[in-house]
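The text below walks through one protein chain. Look at the sequence and the model before reading on.

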Amino acid sequence: MCRSIKTLRPPYTEDATSEDSRAAALQYVRKVAGMRSPSKANHEAFDAAVDQIAAITDELLASLVLPARSAAAR
């Protein structure tokens, strides 16, 4: 569905930031809503969805338990 959204967890991305989560959330909301930029009537709902999804994404990434990478895999 959202092919341009990048995987944000290691080892795919070592240094994902909250800005990365927000960019992914924005891409997701744009795709689901079917609009790149919302009208004035939808702006508040659009921004709220982006904020909520970005926060949940940060929470998810912070709580994932990932297998330890061996020195050989680095």
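Ile5 lies in the segment before H1, where helices (H or I, at least four residues) and strands (E, at least two) are DSSP runs, numbered from the N terminus. The model is a predicted one, in which local features need pLDDT of at least 70 and side-chain atom pairs count only at pLDDT 80 or more, while totals for chains, interfaces and linings use all residues. Residues are numbered from 1 along each chain as its sequence is written, and side-chain values use heavy atoms, with hydrogens and water left out.

With a relative accessibility of 28%, Ile5 counts as partly exposed; buried means under 20% relative accessible area, exposed over 50%, and partly exposed in between (1.4 Å probe, protein chains only). Leaving aside neighbours within four places in sequence, Ile5 is in contact (heavy atoms within 4.5 Å) with Ala24, Gln27 and Tyr28. Ile5 and Ala23 are 18 residues apart in sequence, and their C-alpha atoms are 8.2 Å apart in space. Pro11 is also found in the segment before H1, and the peptide bond from Pro10 to Pro11 is cis, with omega near 5 degrees.

The secondary structure of the chain consists of two helices and zero strands. Two packed helices are described by the angle between their axes and the distance between the axes. Here the axes of H1 (residues 18-33) and H2 (residues 43-63) come within 8 Å and cross at roughly 130 degrees. The axes are lines fitted to C-alpha atoms, for helices over the stretch in contact, and angles run from 0 to 180 degrees between N-to-C directions. H1 and H2 are therefore oblique to each other: angles under 35 degrees count as roughly parallel, over 145 as roughly antiparallel, 65 to 115 as roughly perpendicular and the rest as oblique.

Which residues of H1 and H2 meet? Those in H1 include Ala25, Leu26, Tyr28 and Val29, and those in H2 include Phe46, Val50, Ile53 and Leu61. The residues of this contact divide into eleven nonpolar, three polar and four charged (Ala, Val, Leu, Ile, Met, Phe, Trp, Tyr, Cys and Pro count as nonpolar, Asp, Glu, Lys and Arg as charged, and the others, Gly among them, as polar).

Gln52 is found in helix H2 and is exposed, with a relative accessible area of 52%. From C-alpha to C-alpha, Gln52 and Ala25 are 8.5 Å apart in space, and they are 27 residues apart in sequence.

Turning to the whole chain, buried residues make up 18% of its 74 residues. Of the contacts with a separation of 6 or more, 59% are between residues 24 or more positions apart.
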